[in-house]
Amino acid sequence: MDTGLIFPRENWHNHASCIVELSNGDMQVCWFHGSGERQADDVLVQGARYHQATSTWSDRVLLADALDYPDCNPCMFVDSQDRLWLVHVTILANEWHTALLKSRRISQPFDADCPQWDYSEVLHVTPGQSFMDDLENVDYEYLSSLHPQAPEAKLIKQIEDIKELGSSKLYRRLGWMPRAHATVLSDKRIVLPLYSDGFDFSLMLLSDDDGETWHTSHSIISCGGIQPSVVERKDGSLVAFMRNNGPAPKRILQTISNDRGESWSKPELTDLPNPGAGIEAIRLQSGLWAMIYNDLEDSRHRLAITVSRDEGESWAGIKYLQNDDGKEVKGSYHYPSIIQAKSGDIWISYSNGQPVTGSCIQWAKITEDWLFE
């Protein structure tokens with residue numbers, strides 16, 4: 001395994017990275033940086049580029065900054081026209097539910113470490129009547145079985161509060177944020193996973209024309225299932241794995257779509273423990289799936305990768321990128337991003353935070369064989 005820091009640790013907040021491969025084989029990483037998250041107006045999106053020719057990272061560059069507003073939660077993907085997209089949010093009033101979704105893109109190849117974007121627009125999220133229908137048709141018995149330790153009355157109140165919020169056209173059009181990569185399906189449809197802290201659930205933004213127009217999927221309601229990561233199966237069905245912000249048991253959630261992301265099954269608990277932290281899953285060139293996540297219910301001091309041989313039905317084996325078990329002072333290694341390059345190498349970026357020395361973004365490069373050593 002090759003690994004290192006993209007920049008030295010510092011007493012600034014550096015978090016929520018995303019890594020992609022550029023058309024020439026270089027790696028591009030983005031993250032947000034500032035003195036806090038949504039409460040600090042100096043937060044902006046930074047990036048760095050790994051040059052394969054020299055095996056070095058560039059200096060940090062500015063990728064997006066709405067002056068005097070926090071810019072957070074960036075993700076990147078490459079569409080079927082080989083254009084690099086950056087999607088992030090600008091927080092309008094220092095609360096997550098006031099997030100405004102934005103997008104930028106640039107055609108490849110491009111030479112500069114700091115992309116000179118060809119396009120920059122607000123990415124409008126417009127939930128239709130199906131959004132309210134999904135709320136009206138919530139299955140309370142299902143929610144109680146999913147969250148057995150939560151009082152049923154509390155779950156009912158949570159949904160009733162969400163219905164009231166959803167009745168506001170402005171509220172349901174704001175607050176949607178990305179986290180994991182978008183997935184470009186075999187038929188070129190883009191599935192961009194979004195979630196809302198205000199509603200405490202997720203949906204997908206879908207495009208069949210390389211991002212010229214978008215529409216929303218049905219909602220994925222589970223009282224806590226957020227930040228989906230989507231993988232396409234060989235039969236064309238989709239599986240989304242979600243961070244679980246709900247009550248115990250703290251397990252990663254899974255939902256399935258059989259109609260290219262338009263609608264999703266009721267999320268169910270997997271056997272994978274997680275403290276309610278970011279995850280990501282990908283299909284490898286071999287056909288195996290890999291998932292990177294924190295594998296404890298109450299801490300982010302271990303960052304693990306596990307493998308599925310049956311397209312997400314089961315997972316076996318654990319390899320650790322970070323494991324602070326037994327250490328008196330434990331770090332926090334979380335919000336991972338993972339891709340497999342055309343070369344077959346698996347590239348990862350994640351937040352690395354230490355109580356004394358501060359935070360940074362760490363990168364790692366592994367092979368598929370490393371997963372089984």
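**Conventions.** I number residues from 1 along each chain as its sequence is written, and I leave hydrogens and water out, since side-chain values use heavy atoms. Because the model is predicted, I kept to its limits: local features need pLDDT of at least 70, side-chain atom pairs count only at pLDDT 80 or more, and totals for chains, interfaces and linings use all residues.

**Strand 4.** I looked up strand 4 (44-51), where strands are DSSP runs of E with at least two residues, numbered from the N terminus. Seven of its eight residues are buried, so strand 4 is largely enclosed by the rest of the structure; buried means under 20% relative accessible area, exposed over 50% and partly exposed in between, with a 1.4 Å probe and protein chains only.

**Its partners.** I then listed the pairings, counting two strands as paired if DSSP finds at least two bridges between them. Strand 3 runs antiparallel to strand 4 and is joined to it by seven bridges, with Phe 32 standing opposite Val 45. Strand 6 (residues 61-64) is also antiparallel to strand 4, over three bridges, and there Leu 62 is the bridge partner of Gln 46. Strand 5 (residues 56-57) pairs with strand 4 in the antiparallel sense over two bridges, with Tyr 50 opposite Trp 57. The hairpin of strand 4 and strand 5 has four residues between the strands, and in this hairpin Ser 55 takes a positive phi near 55°.

**Backbone in the loops.** I noted that Asp 82, in the loop between strand 7 (71-78) and strand 8 (83-91), has a positive phi near 65° although it is a residue other than glycine; Asp 82 is partly exposed because its relative accessibility is 30%. Arg 260 has a positive phi of about 65° and is not a glycine either; Arg 260 lies in the loop between strand 18 (251-257) and strand 19 (268-273). I also found a cis peptide bond from Gln 108 to Pro 109, with omega near 0°, and Pro 109 sits in the loop between strand 9 (99-107) and strand 10 (119-122).

**Negative patch.** Which residues gather in a patch of negative charge on the surface? I recorded Asp 41, Asp 42, Asp 65 and Asp 68; a patch of this kind takes residues with over 30% relative accessible area and no salt bridge, like charges being joined within 9 Å, and a salt bridge would need a side-chain nitrogen of Lys or Arg within 4 Å of a carboxyl oxygen of Asp or Glu. Asp 42 is in the loop between strand 3 (27-34) and strand 4, and Asp 42 counts as partly exposed because its relative accessibility is 33%.

Methods:
Patches are made of residues with over 30% relative accessible area and no salt bridge: like charges are joined within 9 Å, nonpolar side chains (Val, Leu, Ile, Met, Phe, Trp, Tyr) within 5 Å. Accessible areas come from the Shrake-Rupley method with a 1.4 Å probe; for residues, only the protein chains shown count as cover. Lys and Arg count as positive and Asp and Glu as negative; His and the chain ends are not counted. The place of a charge is taken as NZ of Lys, CZ of Arg, CG of Asp or CD of Glu.
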